[in-house]
Amino acid sequence: MFTPRGVGNPPPVRRDHERDQYRSARVDPGAGRFPCGLFDAVLLDRDGTLIEDVPYNGDPEKVRPVPGAREALDRLRAAGLRLAVVSNQSGLARGFFTVEDLRRVNARVEELLGPFDSWQICPHGEPDGCVCRKPAPGLVHAAARALGTLPTRCVLVGDIGADMIAAAAAGAAGVLVPTPATRAAEVAAAPAVAGDLPDAVTQILRRIHLVAAPAAPPRRGTVLVARSDAAGDVLVTGPAIRAVAAGAQRLVLLCGPRGRAAAELLPGVDEIVEWPLPWIDAPAAAVDPGDMRGLTDRLAALGAQEAVVFTSFHQSPLPLALLLRMAGIPRISAISDDYPGTLLDVRHRVPVGVPEPERALSLAAAAGHALPADDEPGLRLRADRLPPVPAGTGEPGYVVLHPGSSVESRACPPELATRIVRVLSAAGYRVVVTGGPGERELTARVAAAGGLDLGGCTGLGELAAVIARAGALVVGNTGPAHLAAALGIPVVSLFAPTVPFGQWGPYRVPTVRLGDAGAACRDTRATRCPVPGHPCLSAVEPGRVLEALRLLGVPADASEPVVAWPAVPATGGVMR
Ligand SMILES: [Zn+2]
């Protein structure tokens with residue numbers, strides 16, 4: 001039965017029991033159904049998502065489930081997922097109905113839709129400034145706690161932007177099911193969109209199935225994995241690389257020069273082969289036959305029994321697959337829409353829109369490699385590889401602003417970055433501005449507004465170390481965002497919509513997305529902003545960054561990172 005928060009009812013007493021159930025489900029794959037479980041729980045908004053929205057309804061007779069709701073929820077239950085309702089009910093604060101009315105309405109919902117494992121209700125009004133009213137993430141944290149899991153292992157289904165903001169701010173996944181009342185901007189900003197509740201459930205179950213590998217005995221020998229391109233690409237492939245490493249005696253990673261530093265930080269990697277692939281890098285170099293023969297010889301010398309070639313959706317694995325064949329590698333797996341002929345043994349295909357880490361995990365699964373049951377599908381780094389922070393960085397708890405990006409259209413406009421530093425520092429935040437050696441001029445200009453300039457002082461490892469001690473990172477859609485995700489550090493994401501947010505946004509880490517998700521550059525994949533003035537980001541008000549930090553529970557002037565919410569899963573370390 002539901003327990004309204006803050007209106008006098010005792011907390012649910014089933015928590016320990018539920019946690020025990022959760023634990024037993026995790027250690028017993030038979031009970032857990034999915035050896036690599038992507039989610040433990042689905043959180044559902046009530047009005048407009050589970051039932052037709054009747055404003056301030058206190059009458060059980062007016063409860064009308066949305067079409068297909070019962071059957072859809074039963075599919076989630078059958079898959080072993082816990083269900084919770086997360087609902088704003090400001091009608092309580094406004095006196096439009098009583099706690100008893102609400103109890104009867106929720107009982108009617110359970111009568112029609114079956115039982116929920118937890119009810120989390122915000123009884124407050126907007127002026128109360130509580131931490132539970134969505135878009136604040138309090139209900140998501142409370143639901144995860146009540147279900148004995150973590151927000152990052154939950155997915156929230158809702159019908160408005162506040163639901164998606166609350167989910168992301170807690171580190172949970174989100175699926176928006178718009179109604180006619182949902183604003184276009186909310187639809188544009190959502191990480192995933194479904195046509196109706198049954199469709200949302202289908203999407204969630206498909207994502208779970210995609211990354212679940214059949215139980216296979218660990219294989220012996222050397223496995224080669226390839227992930228070319230930049231640091232961010234390598235970082236989001238981390239969970240898949242760990243899955244492959246779990247079943248291999250030795251894992252060799254083939255990466256390009258731009259991904260090398262990230263590859264050094266990944267758990268599970270035993271050896272790195274750095275070799276630029278001219279058909280991947282941009283601008284592309286000419287193909288040198290001697291260089292390709294050198295690469296083929298190097299790969300042949302590895303003696304790998306198997307190769308898994310990871311790519312972005314716009315890249316073809318087939319040129320490398322041909323070289324791997326010539327190097328004599330007997331089993332090759334990759335995602336390919338193009339007909340691979342005899343180049344691939346496992347040709348995998350993935351629907352569009354799946355988050356990149358899951359897309360890569362799904363290839364690992366198709367190749368027969370699952371994450372061990374005690375590993376979590378989030379990004380991770382080797383803590384033992386993090387160098388000390390540069391001298392003078394200061395005590396932990398600062399906010400890092402990383403204005404640059406190797407891709408111009410995804411960087412924070414310098415003028416906006418300057419204003420953000422000014423506003424944050426006036427609000428009492430210590431701001432640390434980071435950038436690569438080529439960005440010293442930029443960081444100096446931005447930090448002059450009131451931040452500490454670490455421009456040029458950090459390689460990728462030092463940058464990770466600096467971010468690891470931050471309260472939050474403010475950054476565009478670029479590599480450091482994925483470092484923060486791997487370290488469990490909340491992200492204020494200034495996300496240019498040139499690529500889909502649901503695919504490339506910070507993964508399984510508390511995040512607030514800012515910027516115009518419906519701007520004209522949307523889905524253009526442009527590397528230089530095609531719209532004069534870069535309006536998707538330059539129109540962001542710096543005050544929104546302050547609001548975002550509050551939603552994320554990151555206070556100003558903390559000598560240590562103060563996490564208002566239960567901490568995200570432990571990071572770093574582990575594995576060889
Ligand atoms: Zn509240």
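A pocket is an open set of grid points with protein on both sides within 12 Å along at least five of seven lines. In this predicted model, the second largest pocket has a volume of about 1,200 Å³. Its lining comprises 42 residues, and those closest to the pocket centre are A230, A231, R258, S406 and V407. Four elements, α10, α12, α18 and α19, each give two or more residues to the lining of this pocket. Their residue ranges are tabulated below.

| Element of the pocket lining | Residues |
|---|---|
| α10 | 231–236 |
| α12 | 260–264 |
| α18 | 460–468 |
| α19 | 479–487 |

The model also holds a zinc ion. Its protein donors are the SG atoms of C122, C130 and C132 together with ND1 of H124, lying 2.1 to 2.2 Å from the metal. Along the chain, these donor residues follow the spacing C-x1-H-x5-C-x1-C. The arrangement is tetrahedral because the four donor atoms subtend angles of 99 to 117° around the zinc ion. For four tetrahedral donors, the ideal angle at a metal is 109.5 degrees.

Helix α3 spans residues 69–78, and its buried residues are A69, A72, L73 and L76. Viewed down the axis of α3, these buried residues fall within an arc of 95°, so they line one face of the helix. Among the elements that cover them are the strands β2 (41–44) and β3 (82–88) and the helices α5 (99–113) and α9 (197–211). After α3 comes G80, with a positive phi near 85°.

Notes. Residues numbered from 1 in each chain as written. Predicted model: local features only at pLDDT ≥ 70, side-chain atom pairs only at ≥ 80, totals over all residues. Heavy atoms only, no water. Donors = N, O, S within 2.8 Å, 3.2 Å for Na, K, Ca; no water. Tetrahedral: all angles 85-135°; square planar, octahedral: opposite > 155°, others 65-115°. Buried < 20%, exposed > 50% of the residue type's maximum accessible area, 1.4 Å probe, protein only. Arc of directions from axis to C-beta. Contact = heavy atoms within 4.5 Å. 1 Å grid on protein atoms, 1.4 Å probe; cavity = no way out; pocket = protein on both sides within 12 Å on 5 of 7 lines; lining within 4 Å. Points joined across faces, edges and corners; volume = space filled by probe spheres on them.
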